[in-house]
Amino acid sequence: MLLMPYDEVEEDSTGIIMRVVIVVTIIVALQCCCLTLGQLTDSRIKCSAPAAELTKEATVTCLFPHDIRQKKTDFIVRHNETERQRGQNGTHQMKTVANCMWFNGKLDCTMQTGYKHEEQDVTSTNFTLRIPHFLQNHTGQYFCEVDGQKFEICLLLHHTDVTTPRATGPKESVTTSLLIIIVSTTGAAITLASVAVIVYIAYRCYQKTKRERRTNNIRMTERGEQESQNLVDGGQSERTPTPETNGGQHADVITRLLSDVDRSVLHRCCFSIQQEQMNGYRDTEA
């Protein structure tokens, strides 16, 4: 079986991890860019002012791009006269109709005469300014202003001027809307693609880790079998006699046998000599 060296397996795993880190970093950077671009293109404060009947109630609603309750955002609502009012008065007038600030977690608004707001008119992203008795001098442009943020202008009219557009904004508003849609779609596509890539890379890493473990197990098993075989072969080599060993053992046996024979013959000879001497003593005494 052809096995991958352990160093190559470890290097390949490190390469996979580095690729995963690079891909995740690129994905996060793209998402951050898309979110930042979306915030820049959709950071305008918008407003809505439906046409109303004279002497009836009219409303101007500020639409904020963030949570004014959480950030405690102070803002101002301004009123700018229409061209018709400017001609009648002869002067250009822009006035602050609502100055709203947060104190102790509550929104406190200073209102001009003829305007009001209620507690339910304030939500996380909306503020509604009410005109209980709508008159001609209330018509015109309105916008909600926050320091450092751009805003769009809405036009409050009465029903007799319904042919006039009710709301206006910067010339690039259409382009901005299209850009917001493109950015949102791109962000969603990038998110889905990033999820797919991460799942694929995770699956590849899992498969690679599984192969590495199986390879290591096979290597360890073969190594154990080899060591066991070496031990068995070593024991047999110690127990199995070789021709030289057999020759030496035979020589030792023969030597022991000869020495035993020599001792026996010598013993007999000594015994015979002793017997003869005893017999000679007996004959002499007789």
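Colleague: Is cysteine 100 buried or exposed?
Modeller: In this predicted model, cysteine 100 is buried, because its relative accessible area is 0%.

Colleague: Which residue forms a disulfide with cysteine 100?
Modeller: The partner is cysteine 109, and the two sulfur atoms are 2.0 Å apart. Cysteine 109 has a relative accessible area of 12%, so this residue is buried as well. The cut-off for buried is under 20%.

Colleague: What is the handedness of the link between cysteine 100 and cysteine 109?
Modeller: The disulfide is right-handed, because the torsion about its S-S bond is about 115 degrees.

Colleague: How many disulfides are there in the whole structure?
Modeller: A search of the whole structure finds three. If the bonded cysteines are counted along the chain, the pattern is 1-6, 2-5, 3-4.

Colleague: Which residue is joined to cysteine 47?
Modeller: Cysteine 47 is joined to cysteine 154 by a disulfide, with an S to S distance of 2.1 Å. Cysteine 47 is in strand β1 (residues 46-48) and cysteine 154 is in strand β8 (residues 154-156), so the link ties together parts that lie 107 residues apart in sequence.

Colleague: And is that disulfide left-handed or right-handed?
Modeller: The torsion about the S-S bond of cysteine 47 and cysteine 154 is about -130 degrees, so the disulfide is left-handed.

Colleague: Are cysteine 47 and cysteine 154 buried or exposed?
Modeller: Cysteine 47 counts as buried, with 13% relative accessibility. Cysteine 154 is also buried, its relative accessible area being 1%.

Colleague: Which residue does cysteine 62 pair with in a disulfide?
Modeller: Cysteine 62 is bonded to cysteine 144, at 1.7 Å from S to S. Because cysteine 62 belongs to strand β2 (residues 58-63) and cysteine 144 to strand β7 (residues 140-145), this pair ties together parts that are 82 residues apart in sequence. The link is left-handed, with -80 degrees about the S-S bond, and both cysteine 62 and cysteine 144 are buried.

Colleague: What about cysteine 205: how does its accessibility count?
Modeller: Cysteine 205 counts as partly exposed, because its relative accessibility is 21%.

Colleague: Let us change topic to the strands. How do β1 and β2 run, and how many bridges join them?
Modeller: They run antiparallel, and three bridges join them. Cysteine 47 has cysteine 62 as its bridge partner in β2, while lysine 46 stands opposite leucine 63 in β2.

Colleague: What holds strands together in a sheet in general?
Modeller: Strands of a sheet pair through backbone hydrogen bonds, and the pairing is either parallel or antiparallel.

Colleague: How many bridges are there between β2 and β6?
Modeller: There are six, and β2 pairs with strand β6 (residues 126-131) in the antiparallel sense. In β6, arginine 130 is the bridge partner of threonine 59.

Colleague: In what order do the strands of this sheet come?
Modeller: The order is β1-β2-β6, an open sheet of three strands with antiparallel pairing. Since β1 and β6 stand at the edges and have a single partner strand each, one side of each is left without a neighbour in the sheet.

Colleague: By how many degrees are neighbouring strands of this sheet turned against each other?
Modeller: The average is 20 degrees, with direction ignored.

How values were computed: Residues numbered from 1 in each chain as written. Predicted model: local features only at pLDDT ≥ 70, side-chain atom pairs only at ≥ 80, totals over all residues. Heavy atoms only, no water. Disulfide = S-S within 2.5 Å. Helix = DSSP H or I, 4+ residues; strand = E, 2+ residues; numbered from the N terminus. Buried < 20%, exposed > 50% of the residue type's maximum accessible area, 1.4 Å probe, protein only. Pairing = 2+ DSSP bridges. Axes fitted to C-alpha atoms, helices over the stretch in contact; angles between N-to-C directions.
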